[in-house]
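Good morning, and thank you for joining this meeting. Please look at the sequence and the structure on the screen while I walk through a few selected places.

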Amino acid sequence: MVKPLAFKGEKITKKRKAVSAEDNLQAQKKTRESRADVQEDDRWVTADAVGDISGPVVIVLPSTLPSCIACDAGGKVFVSKLENVVEVEPHDMRQVWIVSKVAGTDNIGLKGHHGRYLSCDKTGIVSAQTEAMSSEETFACIATSDTPGAFNLQSQREEFISMTDDGNNIRGDAKSVSFNNTVRIRMQARFKPQLKASKEMKAKEKISKKELEEAVGKKLDDNEVRALKRARVQGDYHEKLLLLRSKGKHDKYA
């Protein structure tokens, strides 16, 4: 193929390669996968604050061997040993509770795998047989002042959900905070606000230089690429994009 005539010192402009439909589909696929990663992070992590607690949770007891509060299909609440002592995560649906938050308060309800709520009656008996939340199915989740990431579950009678001294049963009539009623709460990472925000931020950063250049309509230097990626995280991406497009037009006619 005969090349066009060029003179010494003349700036040679290269034609931009057309972007194929396949390339566009690949870019869209990467974006969808990044968003999906945020939504599907099912690792179990420890709740650090009351505001973290949401979604599926495991209430880990202060026993010698890791155990948690569980319930069977009939609503009987019992102590269940956790098999995964490294990750401290459930191996049985009976160990998982779904958090329902009471609007305007730090109070929560805990729904078992069978669709009924954890409840504590006036005698301190803990069960999970009620399909709707009332005062007996509502608990205040109180962060301990001396142990980060530890909580106490207090009933509306101001008594605490507690493991018995032998570690075999659960009661709801402890009068004061103690070692036996100080629990840790494990939850899925995708529901934890800080982790969720961090992953969403990383997902927003996942855009290639090529995609940014296509959006602007010109070649970008490294500083411009970094500025656009930062703008995607900070929320002013479209403003920065318009500025670079405008700058590109001025450069063209300068």
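I begin with Leu241, which is buried, with a relative accessible area of 7%. As this is a predicted model, every value I quote is computed from it. Leu241 belongs to helix α5, which covers residues 237-253. What does Leu241 touch, if we leave out residues up to four places away in sequence? The answer is Ala215, Val216 and Leu228. Take Val216 from that list: along the chain it is 25 residues from Leu241, yet their C-alpha atoms are separated by 6.3 Å.

Let me now step back to the whole chain. The chain has 254 residues, and 38% of them count as buried. It contains five helices and 13 strands. Among contacts in the chain with a separation of 6 or more, 53% are between residues 24 or more positions apart. The accessible surface comes to about 16,200 Å², and 52% of that surface belongs to carbon and sulfur atoms.

I turn next to the strands. Strand β2, residues 56-60, pairs with strand β5, residues 97-101, in the antiparallel sense over two bridges. Within this pairing, Pro56 has Ile98 of β5 as its bridge partner. Strand β5 also pairs with strand β6, residues 107-111, again in the antiparallel sense, here over four bridges. Which residue of β6 is the bridge partner of Ile98? It is Lys111. Strands β5 and β6 form a hairpin with five residues between them. In the turn, Gly104 has a positive phi of about 80°. As a general point, the side chains in a regular strand alternate between the two faces of the sheet.

Another strand deserves attention. Ser67 is found in strand β3, which runs over residues 67-71. Is Ser67 buried or exposed? Its relative accessible area is 3%, so Ser67 is buried. Leaving aside neighbours within four places in sequence, the residues in contact with Ser67 are Ile59, Val60, Leu61, Val79, Ser80, Lys81 and Leu82.

For contrast in setting, please find Thr123. This residue lies in the loop between β7, residues 117-120, and β8, residues 126-130. Thr123 counts as partly exposed because its relative accessibility is 45%. Its side chain makes a polar contact with the side chain of Asp121, at 2.7 Å. Beyond residues up to four places away in sequence, Thr123 touches Arg171 and Asp173. Thr123 and Arg171 are 48 residues apart in sequence, and their C-alpha atoms are 9.2 Å apart in space.

In general, side chains of opposite charge can pair when their charged atoms come close. How many salt bridges does the structure hold? It holds nine, and I shall describe some of them. Arg171 forms a salt bridge with Asp173, with 2.7 Å between the closest N and O atoms. Arg171 is partly exposed, at a relative accessible area of 30%, and Asp173 counts as partly exposed at 26%.

A further salt bridge joins Lys209 to Asp222, where the closest N and O atoms are 3.9 Å apart. This pair links distant parts of the chain, with Lys209 in helix α3, residues 209-216, and Asp222 in helix α4, residues 222-234, 13 residues apart. Lys209 is partly exposed, with a relative accessible area of 36%.

The side chains of Lys219 and Glu213 also meet in a salt bridge, at 4.0 Å from N to O.

Finally, a word on cysteines. A disulfide is a covalent bond between the sulfur atoms of two cysteines. How many disulfides does the structure hold? The number is zero. Cys120 is buried at a relative accessible area of 1%, and Cys141 is buried at 4%.

That concludes my presentation, and I thank you for your attention.

Key
Residues are numbered from 1 along each chain as its sequence is written. This is a predicted model: local features need pLDDT of at least 70, side-chain atom pairs count only at pLDDT 80 or more; totals for chains, interfaces and linings use all residues. Side-chain values use heavy atoms; hydrogens and water are left out. Buried means under 20% relative accessible area, exposed over 50%, partly exposed in between (1.4 Å probe, protein chains only). Contact means heavy atoms within 4.5 Å. A polar contact is a pair of N or O atoms within 3.5 Å; within protein, one must be able to donate a hydrogen and the other to accept it, and residues adjacent in sequence count only if both atoms are side-chain atoms. Two strands pair if DSSP finds at least two bridges between them. A disulfide is a pair of cysteine sulfur atoms within 2.5 Å. Accessible areas come from the Shrake-Rupley method with a 1.4 Å probe; for residues, only the protein chains shown count as cover.
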